[in-house]
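Here are my notes on this model, as numbered points. Have the structure open while you read.

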Amino acid sequence: MPDAVVLAGAAGVLAGALLTLALVFARRFALGARELGSEAEGAEYRTLHVVGLAASALRGGREAPDRVRAAKHLRSLLRADAVAIVGPDGDVAGDGADGLHDSAVRVAERVRATGRRQVFPRRRTGDLEAVGAPVVVDGVVWGAVVAFDDPVRAPLVRATGEVATWCAAQLALGELEASRTALAEAQLRALRAQISPHFIYNALTAIASFISTDPERARDLVLDFADFTRYSFRRQGEFTTLAEELGSIHSYLALERARFGERLQVRLRVAPEALSTVIPFLSVQPLVENAVRHGLEPGERGGTVTIAAHDDGTHTEITIEDDGIGMDPAAAASLLASEPSASHVGLRNVDTRLRSLYGSGGGLVVETNVGAGTLVRMRVPRSQPLNETGIG
């Protein structure tokens, strides 16, 4: 009897311990589930993740989307047996669609002809059913998304139509990005064209004037000229750092001081933390050139150009100020509000680029008056993770 009591007690202790462990694990599982979210929340996260992957594959625009990679992610999203994306020339890119090329082309042709979603039942035993939906970009059927399954049910039909509409939006966004890049490149070409005729002639004339009287300075000026032109005509990227642009500005001002002599003074007030700020390529240099050409050069006494930059937490503020002849405030406003004259294309160009990158409030601010000099202010976000500097 005592042995039975002992065994019963031991069994009770063991059962209690197992129950306690079960409660502990249940609590931890419940807490973990709450931290990870519900099953529905997890499904939403997975869907958004797949959508993001597909979006990046389609952002090459209509001309260069990565349709094979996009089809793989869309197949996962639709949970279909196979998915094909048929382009404008009838070319097929798909995932799980091996052997379905002809079927995908046939579906896409029907979708293109009608401009509507189409469902295709199996034609013979062993075939997969299909649903095709048009990808319409700018009012034109670019291609089609075709999903294969066995059988094709109503939810897949509706989902394929929504996916095709979403694909069209991604292709359109990709085209907008490509257009923005092309515009930025055209604006840079305009700035380079402006630099070429005016500055190069003056720089070479200044260098020539020192060849016989001061050969060493002429050599230094040739090096400054080489550094300036190498930077201005480089091909790497739309962005640079403030430090890189100031290096080019230093070369530019060295060449201008060879012409102006002591009539041109320069002050630099740049906080060290601002040097790493990413800025649009050739955005500060044209403002300095504008200050020299239109602020100081017309006056007999010359003057001072002050370049300043500091961080205010979220942005870096850069100012270019001269104490030259200035201009009427209304005339300055009109330069930024309308097509610029050939002599002020740099100012307008920089303003347009800043607004296209950072919004309507991201353009230049010009403070000036006749005889009171000019101050031009630009503010650039400190954080620009998507903008590559091209420096490597």
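1. Start with Thr 160: because its relative accessibility is 0%, it counts as buried (buried means under 20% relative accessible area, exposed over 50%, partly exposed in between, with a 1.4 Å probe and protein chains only). Thr 160 sits in helix 5, residues 154–210. Leaving aside residues up to four places away in sequence, Thr 160 touches Leu 78, Val 131, Ala 133, Val 145 and Ala 147; contact here is heavy atoms within 4.5 Å.

2. A word on the ground rules. This is a predicted model, where local features need pLDDT of at least 70 and side-chain atom pairs count only at pLDDT 80 or more, while totals for chains, interfaces and linings use all residues. Residues are numbered from 1 along each chain as its sequence is written, and side-chain values use heavy atoms, with hydrogens and water left out. Helices (H or I, at least four residues) and strands (E, at least two) are DSSP runs, numbered from the N terminus.

3. Now for one of the sheets: it is open, has 5 strands in the order 2-1-5-4-3, and its pairing is antiparallel. Strand 2 and strand 3 (118–120) are at the edges with a single partner strand each, so one side of each has no neighbour in the sheet. From one strand to the next, the twist averages 20°. Two strands pair if DSSP finds at least two bridges between them. Axes are lines fitted to C-alpha atoms, for helices over the stretch in contact, and angles run from 0 to 180 degrees between N-to-C directions.

4. Look at both ends of that sheet. Strand 1 (residues 82–86) and strand 2 (residues 92–95) are antiparallel, with 4 bridges, and Val 83 has Asp 95 in strand 2 as its bridge partner. These two strands make a hairpin with 5 residues between them, and Gly 90 in the turn has a positive phi of about 80°. Strand 3 pairs with strand 4 (residues 129–137) in the antiparallel sense over 3 bridges; there, Phe 120 is bridged to Ala 130 of strand 4.

5. Helix 4 (residues 101–114) lies across strand 1, strand 2, strand 3, strand 4 and strand 5, at about 135° to strand 5.

6. Helix 4 also matters for the largest pocket, giving the most to its lining with 4 residues. The lining has 14 residues in total, and Ser 103, Arg 106, Arg 123, Asp 127 and Leu 128 lie nearest the centre.

7. The other sheet to check is open too, with 5 strands ordered 7-9-10-12-11 and mixed pairing. Strand 7 (264–270) and strand 11 (365–368) are its edges, each with a single partner strand, so one side of each is without a neighbour in the sheet. Its twist averages 10° from one strand to the next. Strand 11 runs antiparallel to strand 12 (residues 374–381), joined by 4 bridges, and Thr 368 has Thr 374 as its bridge partner in strand 12.

8. Finally, helix 7. Buried residues in helix 7 include Leu 242, Leu 246, Ile 249, Leu 253 and Phe 260. Just after helix 7, Gly 261 takes a positive phi of about 65°.

Notes:
On a 1 Å grid over the protein atoms alone, a cavity is a set of points where a 1.4 Å probe fits but cannot get out, and a pocket is an open set with protein on both sides within 12 Å along at least five of seven lines; lining residues have an atom within 4 Å of a point.
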